[in-house]
Amino acid sequence: MARYHISSLILFLVIALLASPSQGFLGTKKKIKSAVFYSPKLVMSPGSVSDFYLLDMDFPRGHIGLKSFHAEVVDEAGNPVPLHETYLHHWAVQPHYVRKGAKLPQQEMLRRQDPKSNLYSASDIILVKNGGLCRSPVLRHYFGSGSETRNTSTYVPDPYAIEIDNPEERPDGYEFKWLLNIHAIDTRGVEDKTGCIECLCDLYNVTVNEYGRTIKPGYKGGLHCCYDKTQCPVKSGFGNGEKKRNLYLKYTVKWVDWDKTVLPAKIYIFDVTDSWKKSVGDSQEHICKVEYDVEPCKTNGDGCIDVKKKSLVMPFNGYIVYGVAHQHAGGIGAALYRDSGEEICTSMAKYGNGVEPGNEAGYIVGMTSCYPADPVKVSYEETLTLEVNYSSAVGHTGVMGLFHIFVVQQLPEPELSLPNLFQAPAGSVSVLAFLAVTVLVAVVVLIAAVIYRRQNREDGYQSLST
Ligand SMILES: *[C@@H]1O[C@H](CO)[C@@H](O)[C@H](O)[C@H]1NC(C)=O
Ligand SMILES: *[C@@H]1O[C@H](CO)[C@@H](O)[C@H](O)[C@H]1NC(C)=O
Ligand SMILES: *[C@@H]1O[C@H](CO)[C@@H](O)[C@H](O)[C@H]1NC(C)=O
């Protein structure tokens, strides 16, 4: 009977409203998967440098949402290796599409290639770039970090994740793969540890870069002087040969299977050396030098800080939900500001004070990451300023000032359900009030329906008895 249906439907709706778990809230929390992988071995001996690109690294496959990427260098027994033995200059992972059946260079060949020109221009490989801002392919990777990797959070907050390999976006005839770049420097027994990790060209006795081109005069140190198979001088008698060992990048990936409850987050990387200038207008490309030098301060003593700033125009409308900087030793921290001076996100360097892995004195062992309490709204073409601080008590070569952010376009819908309510912050009075009113209305409707039904039933008896 229709009227029975109406009242039970109302009852059902009220119960369903109270009991149903909210999709948006559950988002990514409930079903996070995790897996540990190892890179191919890095054969390291004192003073040696390994900088290689692996075209098809092990990675979770399929249409997934990445939640975090954590990495560290370990030995054959799986024990963490301290930075004062093997300095992890950086690792970076880059998704790309590879044409099915394509003959790609082996890892060994790849080492000697210019991955930035040859590799990416080949039609066999289509790079999947992050949101920006640098001119590709520089700094268009997804995740990347350096010495700070052990104690830096890369977690994408719930209910967001980085969408990977959406089948609708994959070009026909291509497969989704991951590229891994690892750059490590073995500093056991070296003459000058700081010089080795800051890649001083004179120390490495290098005059041509990786691709055989002469290094520009005035370039004192950086990536162009500590490429794969270069050698940093080792103290005589340290015993090179027998100290050779195999190391691995151990990486832990967390992810969720993609579905409509997961909201996509996009990655952007800002570089303080970006050439873009507002006065020149949008047409100028973002040429990112990636590295720069910090001159030692003239006044010797404390309070010597090198502050570098870059204002950039944002190419998105959205909300910043995470931020973290990447710096080298000497770094103090970095921050993002609005034009008004409002600080949006800050990431500070953490230094170790011991010898054990994760706490090595003199090295950046972590960067604090920023998880704004409320997602930070940024409008299209809004100008944000990146500020990067280094100690200039002594000079530094080849340092970096990068800032990674996660941006979401869509915030979760406020959901009305009990599980949600219990976990809602104390301040969400409006949700409570709305729920209370909804329940009240439902109860009133229910009572009205019951009364209406009773009256109808009496009418019905009357009509029967007559
Ligand atoms: C950093 O180290 C501290 C102390 O060991 C630890 O409590 C924290 O969880 C670490 N953070 C990350 C992101 O690894
Ligand atoms: C530096 O390189 C030059 C040529 O590239 C070589 O002649 C010289 O012996 C090297 N010096 C050292 C200390 O290795
Ligand atoms: C950078 O240094 C300047 C000058 O000392 C200071 O005002 C600013 O707060 C510092 N920023 C960060 C992120 O450390």
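User: What makes Tyr 204 part of a helix, and which helix is that?

Analyst: Tyr 204 sits in helix α6, which covers residues 201–204. A helix here needs at least four residues in a DSSP run. Bear in mind that this is a predicted model.

User: Why does Tyr 204 count as buried?

Analyst: The cut-off is 20 or more other C-beta atoms within 10 Å. Tyr 204 has 22 C-beta neighbours inside 10 Å, so it counts as buried.

User: Which residues does Tyr 204 touch, leaving out those up to four places away in sequence?

Analyst: They are Cys 199, Cys 225, Cys 226, Thr 230 and Cys 232. A contact requires C-beta atoms within 7 Å. Cys 232 is 28 residues from Tyr 204 along the chain, and their C-alpha atoms are separated by 5.1 Å.

User: Why is Thr 397 called buried?

Analyst: The threshold is 20 or more. Thr 397 has 20 C-beta neighbours inside 10 Å, so it counts as buried. Thr 397 belongs to strand β20, residues 396–400.

User: What does Thr 397 touch, not counting residues up to four places away in sequence?

Analyst: Its contacts are Glu 198, Cys 199, Leu 200, Lys 220, Gly 221, Gly 222 and Asp 293. Tyr 219 is 178 residues from Thr 397 along the chain. The C-alpha atoms of Thr 397 and Tyr 219 are separated by 8.9 Å.

User: What makes β1 and β10 a pair, and in which sense do they run?

Analyst: At least two bridges are needed for two strands to pair. β1 and β10 (residues 245–257) have 6 bridges, and the sense is antiparallel. In one of them, Phe 37 has Tyr 251 of β10 as its bridge partner.

User: What makes β4 a partner of β8 and of β10?

Analyst: The same test applies: at least two bridges. β4 and β8 (residues 160–164) share 3 bridges and are antiparallel. β4 and β10 are joined by 11 bridges, again antiparallel. Gly 65 takes part on both counts: its partner in β8 is Glu 163, and its partner in β10 is Val 256.

User: How many strands form the open sheet with β13 in it, and in what order?

Analyst: There are 5 strands, in the order β13-β19-β15-β16-β17, with antiparallel pairing. Strands of a sheet pair through backbone hydrogen bonds.

User: Which are its edge strands, and why are they called that?

Analyst: β13 (305–313) and β17 (364–367) are the edge strands; each pairs on one side only. On average, neighbouring strands of this sheet are turned by 15 degrees against each other, ignoring direction.

User: What makes β15 and β16 a pair?

Analyst: At least two bridges are required. β15 (residues 331–338) and β16 (residues 343–351) are joined by 5, and they run antiparallel. Leu 336, for example, has Cys 345 in β16 as its bridge partner.

User: What makes up the shell around ligand 1?

Analyst: Asn 151, Thr 152, Ser 153 and Gly 366 surround ligand 1. All 4 are polar; none is nonpolar or charged.

User: How many residues of the protein reach a pLDDT of 70 or more, as a percentage?

Analyst: The figure is 77%, and the mean pLDDT is 84. Over residues 9–26, however, pLDDT is below 50. It is also below 50 over residues 420–429. Where pLDDT is low, the predicted coordinates should not be read in detail.

Key:
Residues are numbered from 1 along each chain as its sequence is written. Chains are lettered from A and ligands numbered from 1 in the order in which they are written. This is a predicted model: local features need pLDDT of at least 70, side-chain atom pairs count only at pLDDT 80 or more; totals for chains, interfaces and linings use all residues. Helices (H or I, at least four residues) and strands (E, at least two) are DSSP runs, numbered from the N terminus. Axes are lines fitted to C-alpha atoms, for helices over the stretch in contact, and angles run from 0 to 180 degrees between N-to-C directions. A residue is near a molecule or strand if its C-beta atom, placed from the backbone, lies within 6 Å of it. Ala, Val, Leu, Ile, Met, Phe, Trp, Tyr, Cys and Pro count as nonpolar, Asp, Glu, Lys and Arg as charged, and the others, Gly among them, as polar. pLDDT is the predictor's confidence in each residue, from 0 to 100. Two residues are in contact if their C-beta atoms, placed from the backbone, lie within 7 Å. A residue is buried if 20 or more other C-beta atoms lie within 10 Å of its own, exposed if 12 or fewer, and partly exposed in between; C-beta atoms are placed from the backbone.
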